[in-house]
Amino acid sequence: MEWIDTHAHLYAEDFNGRIGELVRRAREASVSRIISVGVNARTNPQCIRFAEEHEEIFAAVGWQPTDLDELGEEMELSARRLQELREQASHPKVVAIGEIGLDYFRLPRTRSDEVLCVKERQKRVFRQQLELAAELGLPCAIHQRGEGTLEDCLEIMRPLAGRVRAVFHCFVGDLETAQAFFDLDCLVSLTGIVTFKKAEELRETIRTLPPEKIMIETDCPYLAPEPHFRKLCEPSYVVYTGRRIAGILGLSPEEFAQISSRTARDFFRKMK
């Protein structure tokens, strides 16, 4: 049996000096592959380094919307930053552009010039990275959170339909939202949230989803599933999420492990 953690943040300070240990425990839990996802200029090279040092680790590189303050007054990625990202994404073990997208969650719910400026920068950087993914033939890992982000994400992505495939990571939406993603030939990825006591609505949605359109992730060090709720999450814990989803779908763990791993390998084509 093989499980794949398609979204992990291995650069987290809690993991300093422990990557080998995490990989070992993941391997013992039948987790064969871990995708370490970057979010900015500092973490992208770290993810690549982990991938170079460990056979089981692959990387994704990108600029997450909540990290754009690092750009200073710039409203989009400069030519230099884009070229740096292009070179990183061309690494043989970089399998996706991500984590990219839109996040309005902590923005004031006003139409002030400041809020509009933040949203506009997020949209510009998102478009730039989608275009880069299309240029390089890579899939994307999408971060989408906050009121209005779903509509804005879909509006930005529709012109690129057929050129870029994406996975909406940490999916917690309803069937209508999932179908909007599927209509763009995108996938959804589920975290340990599916095991939480208060996530019954999400479990009801999962029951209606095609198993082959679902991937699994830890998003570690966050969102540890039961029985490790509120503890530090790690890649080996993706097994708990996978087993719970299998039960929700009426499949055996072996069946869903095979389906989700095949989906991940088909989606992240550079992952060997």
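Which unit do strand 4, helix 4 and strand 5 make? I looked this up first, and found that strand 4, helix 4 (residues 113-136) and strand 5 make a right-handed β-α-β unit, where right-handed is taken to mean that, with the strands pointing away from the viewer, the path from the first strand over the helix to the second runs clockwise. Helices (H or I, at least four residues) and strands (E, at least two) are DSSP runs, numbered from the N terminus.

**Basis.** I am working with a predicted model, in which local features need pLDDT of at least 70 and side-chain atom pairs count only at pLDDT 80 or more, while totals for chains, interfaces and linings use all residues. Residues are numbered from 1 along each chain as its sequence is written, and side-chain values use heavy atoms, with hydrogens and water left out.

I then traced the open sheet, which eight strands form in the order 1-2-3-4-5-6-7-8 with parallel pairing (two strands pair if DSSP finds at least two bridges between them). Strand 1 (3-8) and strand 8 (214-216) stand at the edges with a single partner strand each, so one side of each has no neighbour in the sheet. The twist from one strand to the next averages 30° (axes are lines fitted to C-alpha atoms, for helices over the stretch in contact, and angles between N-to-C directions run from 0 to 180 degrees).

**Pairing around strand 5.** I found five bridges in the parallel pairing of strand 4 (residues 94-103) with strand 5 (residues 140-145), and in strand 5 the bridge partner of Leu-102 is Gln-144. Strand 5 is also joined by three bridges to strand 6 (residues 166-168), again in parallel, with Ala-141 opposite Val-167 in strand 6. Strand 5, helix 5 (residues 149-157) and strand 6 make a right-handed β-α-β unit.

**Helix 4 against helix 5.** I next looked up how these helices pack, and the angle is about 40° with the axes 10 Å apart. That makes helix 4 oblique to helix 5, because angles under 35 degrees count as roughly parallel, over 145 as roughly antiparallel, 65 to 115 as roughly perpendicular and the rest as oblique. Lys-123, Phe-126, Arg-127 and Leu-130 in helix 4 meet Asp-152, Cys-153, Ile-156 and Met-157 in helix 5 (contact means heavy atoms within 4.5 Å). The residues of this contact divide into five nonpolar, no polar and three charged, where Ala, Val, Leu, Ile, Met, Phe, Trp, Tyr, Cys and Pro count as nonpolar, Asp, Glu, Lys and Arg as charged, and the others, Gly among them, as polar.
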